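Reader: I would like to learn how to read charged side-chain pairs in a structural model, beginning with the general idea and then turning to the case at hand.

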Amino acid sequence: MYQWDWSVITTNWPLFGWGLLKTIEIVVITMATSLVTGLLMAILRMSKNRLLSGFSYWYIEIFRNTPLLLQLYIVYRSAQFGSFLAGYIALTLNLTAFLAEIFRSGLSSIDKQQWEAGLSLGMTSKSTLRRIIIPQAVRRIVPPLGTYWVSLFRDSALVAYVGVAELTHAAQEVSVNTYRPFEAFTALAIFYIVLTYPQARIVAWIHEKVRIHE
């Protein structure tokens, strides 16, 4: 029978701790960037300019319908980026496409009379979008944004395959160095559960609050 040895986890705790910090770092900066680029892509997608709208359409379709691992590999191999930067760029490119559709859905759900009301008050289209439309759309898109935030923690594990020293990479290193893959990857699973489960519950609570008040 297999004899579990959890001392390999306590001995390599600093490695896991560093991996955890790297995971949080890449998730935070990816989400922060993608919120901006996703909104920009959504606005381009809704543009009356066919060139801008077409560019956004194909960007969204390509990155939503190809594997993230493939995107990560292409970014890493096609440019002379370091591992962390390549992982960050690939995750951002991918998440931008998904958030763009969320933003577009939220913006499209606002009644056209809201636009007309803003314009009738002498506001420009940009001002109407910024001061009237986006604040109302935000309330509708917070739940799905929260879901993608939690999912991003899991997706970030893929950057280990290009050498980013995050949690999964730490588990791989411990597994190779100690010949204890069961302990290493069981600990990894526990880390992700502890990290994501509370956030998933918060997202579910937010979704319920929004649903009740609409």
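**Reading the salt bridges**

Author: In this predicted model, Arg 64, Glu 101 and Arg 104 are linked in a network of salt bridges. The general idea is that side chains of opposite charge can pair when their charged atoms come close.

Reader: Which parts does the pair of Glu 101 and Arg 64 tie together?

Author: Glu 101 and Arg 64 form a salt bridge whose closest N and O atoms are 3.7 Å apart. Because Glu 101 belongs to helix H5 (residues 83-108) and Arg 64 to helix H3 (residues 50-64), this pair joins parts that are 37 residues apart in sequence. Arg 64 itself counts as partly exposed, with a relative accessibility of 35%.

Reader: How far apart are the closest N and O atoms of Arg 104 and Glu 101, and where do these two residues lie?

Author: The closest N and O atoms of Arg 104 and Glu 101 are 3.0 Å apart. Both residues are in helix H5, and because they are 3 residues apart there, about one helical turn separates them. Arg 104, at 27% relative accessibility, also counts as partly exposed.

Reader: Turning to the salt bridge of Glu 183 with Arg 180, is Glu 183 buried or exposed?

Author: Glu 183 is buried, its relative accessible area being 0%, and in its salt bridge with Arg 180 the closest N and O atoms are 3.1 Å apart.

Terms used: Residues are numbered from 1 along each chain as its sequence is written. This is a predicted model: local features need pLDDT of at least 70, side-chain atom pairs count only at pLDDT 80 or more; totals for chains, interfaces and linings use all residues. Side-chain values use heavy atoms; hydrogens and water are left out. A salt bridge is a side-chain nitrogen of Lys or Arg within 4 Å of a carboxyl oxygen of Asp or Glu. Helices (H or I, at least four residues) and strands (E, at least two) are DSSP runs, numbered from the N terminus. Buried means under 20% relative accessible area, exposed over 50%, partly exposed in between (1.4 Å probe, protein chains only).
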